[in-house]
Structure formats: C-alpha cells, structure tokens
Amino acid sequence: MANGINNQQLTTNNSFMTALYSDNAEVLLLDIEGTTTPVDYVFGVLFPFARDRVTDFLSTYQQVTAVQTDLQLLRKEYEQELAQGVSVPHWQETEVTGAVPYIHYLISIDRKSTGLKSLQGKIWERGYRDGTLRSQIFPDVKPAFQRWISAGKHLYIFSSGSVQAQQLLFRYTEEGDLTGFISGYFDTQTGSKREVQSYAKIASAIGKIPEKILFISDVTAELKASQAAGMQTLFSIRTGNHSFEAEGFPAIQSFDEV
Ligand SMILES: CSCCC(=O)C(=O)COP(=O)(O)O
Ligand SMILES: [Mg+2]
C-alpha cells in the first residue's frame, strides 16, 4: 500500500473520495524494463542487437577512451570471477575482440554490471541514430508523463541500463521524443537497484525527502530497498514480466492508476 492509501479501497468504500497513488508524491521515480517498457523489447531486441554487433563495435572503436574504460571494468569483473573459481568463457587478451565470448556470456545471463551496461549503451546508440532501433513504451506511458508534469510533479528514471541508454530509449520511442518530460536519470553508477543506499543517494541528488518520492518497479527486491530508504512504492504488473508476485506491495497494471 503506497503511503497507506489503496486506490481500490478508497473508491469502493467512499466513491466521492478517490485518491491516486501519486497524490502525495512530488516525484515519480521509474524503472524501465517491465515498467515503462516491455521486457520483450529489452530481451528480444536490445540484447540481441548488442550481442550481434559487439565484435564489429570493438574492432572499430576499441581505441576510444570511453570504450577502453568499459573494457577495463569488464576485465576487472572477469578477473574477480576467475578468482572466485567461477567458470566463465575465456578472455583472449591478445585479440582485439578477445572479450567477446565473456561479453556474450554476460548478456545471456542478464548481468547488470556497469561495464556491460555502459558498452551496450554505446552499441545501441548507433542503432537508434541510424533508425534500426525504435524503443517501445507501453501505451499509457506518454499520457501519464503529460498528466504528472501538468500536476507539477517531477519525473526521474532509475534503471540498470546506463544513463546514455536510458536517454536514447526515451529520445527514440515509437511515440516520439519523451526526454522533455524527464528531469534526470540514475544508473548503477549510483549503486545497485537492490541496495537501500542507492535510493538515499537518489533522494539526496533530487533534493527531496524519500517519503515524497514514489518508485515504481517490476522487481520486489528493488521495491524493498527503496521502501527501506523511505520511498513510496508500487509494483508494476505488465504483460511479459518475469514475475507477477507483488509480495504485499500495492500493484498497478497501468500508469492510468497512478
Ligand atoms: C536503459 S534501456 C536498457 C535496459 C537494460 O539494459 C536493463 O538492464 C533494464 O534494467 P531495468 O533496471 O530497467 O529493469
Ligand atoms: Mg525492471
């Protein structure tokens, strides 16, 4: 129950007194995959796009400093796994594209690591700019953005995808450029989405107390962390999501309810 308010109870018990989940929130903080955007688009379009192009991308851009930074982060992750005795695909250091098998592996297990997400964002950029990629958002997303902004609320995104990937996703949607609605973006550079501290940092960066922020996500571990930081929470139920078990969190199936 967000902030002790349950829409259905209020409308059922007291039809003249309808409160929306967002009434008491000044800021909406949104997850992407499974919340604004179908899981299918991320797993069925974005991940294969990065997987299929990473060899070519590294061959072309390996000397770019930002790409080298991503590779260094990935190398560190690889070495940590080896040190822990985890069996991972071999990284052939003498080859320009020697990291590819390990990167393919990370994509296949949906690893939410900063190096991978940063590299994926750079690969997707080319697809968005040349028109190969257009992002999908649920039909209720754009009207909700318009409604929330008109009501004086601010909108932020917190996703495991890099800030660059988030900005691209909202710039190149099938419904046009939505970035004008969004005040800011947070990714795993702020911290893991499953850690309380990340949400405290976000509240501080936004300049609001956590109680004024409503976080919406399809992952209850993320909701637990944000709730522990003091935020209001809603569980997102969307077609194609990995889990429909709200674990006691109030749930929505559309932003029309928010
Ligand atoms: C930012 S678009 C790409 C989405 C992505 O890579 C991802 O891992 C989605 O994670 P989320 O935290 O939005 O569920
Ligand atoms: Mg999600």
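Predicted model: local features only at pLDDT ≥ 70, side-chain atom pairs only at ≥ 80, totals over all residues.
Local features need pLDDT of at least 70 and side-chain atom pairs count only at pLDDT 80 or more, while totals for chains, interfaces and linings use all residues. Residues are numbered from 1 along each chain as its sequence is written, chains are lettered from A and ligands numbered from 1 in the order in which they are written, and side-chain values use heavy atoms, with hydrogens and water left out.

**Stop 1: the metal**

Select ligand 2, the magnesium ion. Donors here are N, O and S atoms within 2.8 Å of the metal (3.2 Å for Na, K and Ca); water is not among the atoms, so the site may look incomplete. Along the chain, the donors have the spacing D-x1-E-x184-D. Colour D31 and E33 by accessibility: both are buried (under 20% relative accessible area, with exposed over 50% and partly exposed in between; 1.4 Å probe, protein chains only).

**Stop 2: from D31 to ligand 1**

A polar side-chain atom of D31 is 3.0 Å from an oxygen atom of ligand 1. Next, show K112 and K117. An N or O atom in the K112 side chain lies 2.8 Å from a ligand 1 oxygen, and for a polar side-chain atom of K117 the distance to an oxygen atom of ligand 1 is 2.9 Å. The protein covers 98% of the 400 Å² of accessible area that ligand 1 has on its own (Shrake-Rupley method, 1.4 Å probe).

**Stop 3**

Display the 15 residues around ligand 1; K112, K117, S159, S160 and K193 come nearest. A residue is near if one of its heavy atoms lies within 4 Å. Which elements give two or more residues to this shell? They are helix 2 (39-61), helix 5 (114-129) and helix 7 (163-171), and helix 7 provides the largest share, three residues. Helices are DSSP runs (H or I, at least four residues) and strands likewise (E, at least two), numbered from the N terminus.

**Stop 4: two positive phi angles**

Most residues other than glycine have a negative phi. Go to D110, in the loop between helix 4 (100-108) and helix 5; its phi is near 55°, a positive value. Then select E247, in the loop between strand 5 (232-236) and strand 6 (251-252). Phi of E247 is also positive, near 50°. Is E247 buried or partly exposed? E247 counts as partly exposed because its relative accessibility is 43%.

Terms used. Polar contact = N/O pair within 3.5 Å; in protein donor to acceptor, adjacent residues only side chain to side chain.
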